[in-house]
Amino acid sequence: MSKIIIMGCGAAPGVPSVAGGWGNCNPDNPKNIRRRAGTYIEANNAKILIDTSPDIRTQLLDNAIRYIDGVLYTHSHADHLHGIDDLRDLNRLSGHPLDIYATADTAAVIRQRFPYLVVEKNHINNPMFRPSMIINEIEDGKSFYIKNLKITPITLTGHPVHSTGYIFNDGEIVYIADCKGISETGLAQIKQRPQLLVLPLTTPEGQTTHMGLDKLLEYVNIIKPYKTIINHMAIECDYDAINALTPFDVMPAYDNMAVDV
Ligand SMILES: [Zn+2]
């Protein structure tokens with residue numbers, strides 16, 4: 001059995017946002033309080049994070065996560081990456097560097113923005129001051145394993161930087177973080193009817209770099225998962241309003257939403 005926790009279901013500014021406040025979101029519904037991207041998956045003995053937003057510290061604290069086997073990065077935007085320094089407490093607890101996984105483009109940005117935390121195997125920085133990360137470069141379409149968990153990165157389209165989706169166990173869970181579309185080659189890697197599909201929304205109408213609700217529901221029809229969770233929502237997306245617009249097996253996420261698969 002697998003477990004997934006959506007620890008942060010907000011788009012880059014979070015909800016409420018500094019500039020836009022609550023937007024369309026009902027401030028009385030706690031499900032509308034959204035941190036930036038962060039997901040935890042436990043499956044086949046592996047414990048992994050997807051992305052490290054600036055909100056990662058409270059996400060780890062809320063869910064009592066003190067050990068992980070690795071971090072999968074979806075892309076290099078700040079709201080998915082810039083909490084990386086806060087992983088040093090995981091180095092502190094384990095006494096070891098942490099394996100992170102990213103495509104060549106995303107890895108290059110991590111090396112350029114955070115050169116001080118990249119280490120070689122068997123080396124660890126003093127975790128009082130800086131984290132220690134071993135970068136494992138991955139390639140879209142080429143599966144790899146963390147423990148017994150099979151992970152297939154796939155190419156997403158229409159985002160301003162290279163964005164990667166992740167298929168777990170040939171399609172048991174499909175996780176799409178931030179994009180306008182999913183490549184045909186990526187869709188072809190889904191080999192079974194997914195137990196769970198996670199798709200990003202941002203705004204109901206969509207934007208030049210993000211899919212809207214129409215496109216999202218098209219992907220649900222193409223992929224036909226048993227259950228879909230809508231993630232990465234901005235202040236335009238009120239929880240109850242989105243829930244009312246979607247079928248019963250497609251539901252918006254809320255922070256710390258946990259699903260057993
Ligand atoms: Zn992005």
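1. His159 is buried, at a relative accessible area of 12%; buried means under 20%, exposed over 50% and partly exposed in between, with a 1.4 Å probe and protein chains only. This is a predicted model, in which local features need pLDDT of at least 70, side-chain atom pairs count only at pLDDT 80 or more, and totals for chains, interfaces and linings use all residues. Residues are numbered from 1 along each chain as its sequence is written, and side-chain values use heavy atoms, with hydrogens and water left out.

2. His159 belongs to the zinc site. The zinc ion is coordinated by His75 (NE2), His77 (ND1), His159 (NE2) and Asp178 (OD), at 2.2 to 2.3 Å. Donors are N, O and S atoms within 2.8 Å of the metal (3.2 Å for Na, K and Ca), and sites may look incomplete because water is not among the atoms. Along the chain the donors of the zinc ion have the spacing H-x1-H-x81-H-x18-D. Helices (H or I, at least four residues) and strands (E, at least two) are DSSP runs, numbered from the N terminus. His77 is partly exposed, at 24% relative accessibility.

3. The geometry of the zinc site is irregular, with angles of 90 to 171 degrees among the four donor atoms. Four donors count as tetrahedral if all angles lie between 85 and 135 degrees; four count as square planar and six as octahedral if opposite donors are over 155 degrees apart and all others between 65 and 115; anything else is irregular.

4. Backbone points to check. Most residues other than glycine have a negative phi, and most peptide bonds are trans. The peptide bond from Val15 to Pro16 is cis, with omega near -5 degrees, and Pro16 sits in the loop between β1 (3-8) and β2 (38-43). Asn169 has a positive phi, near 50 degrees, and is found in the loop between β9 (164-168) and β10 (173-175). Its relative accessible area is 16%, and Asn169 is thus buried. Thr202 also has a positive phi, near 70 degrees, but is placed in strand β12 (residues 196-202). Thr202 is buried at 5% relative accessibility.

5. Which residues line the largest pocket? They are Arg57, Leu60, Leu61, Ala64, Ile65, Arg66, Asp86, Arg88, Asp89, Leu90 and Leu93. The space in this pocket is about 290 Å³. On a 1 Å grid over the protein atoms alone, a cavity is a set of points where a 1.4 Å probe fits but cannot get out, and a pocket is an open set with protein on both sides within 12 Å along at least five of seven lines; lining residues have an atom within 4 Å of a point. Grid points are joined across faces, edges and corners, and a volume is the space filled by probe spheres set on the points. α1 (56-62) and α3 (88-94) each supply at least two lining residues, and α3 gives the largest share, four residues. The lining has six nonpolar, no polar and five charged residues. Ala, Val, Leu, Ile, Met, Phe, Trp, Tyr, Cys and Pro count as nonpolar, Asp, Glu, Lys and Arg as charged, and the others, Gly among them, as polar.

6. The second largest pocket holds about 160 Å³ of space. Its lining includes Arg66, Tyr67, Leu90, His96 and Asp99. α3 and β5 (98-103) each supply at least two of the lining residues, with α3 giving the most, three residues. By class, five lining residues are nonpolar, three polar and three charged.

7. The structure holds three aromatic pairs. Tyr101 and Phe144 form a stacked pair, 5.2 Å centre to centre with 15 degrees between the planes. Rings of Phe, Tyr and Trp (its six-membered ring) pair if their centres lie within 6.5 Å; planes under 30 degrees apart count as stacked, over 60 as edge-to-face and the rest as tilted. Tyr101 in strand β5 and Phe144 in strand β7 (residues 144-146) are 43 residues apart, so the pair links distant parts of the chain. Tyr101 is buried at 10% relative accessibility, and Phe144 is buried at 13%.

8. Another pair, Tyr239 and Tyr254, is edge-to-face: 6.3 Å centre to centre, 65 degrees between the planes. Tyr239 lies in helix α7 (residues 239-244) and Tyr254 in the loop between β14 (250-252) and β15 (257-260), 15 residues apart. Tyr239 is buried at 9% relative accessibility, whereas Tyr254 is partly exposed at 26%.
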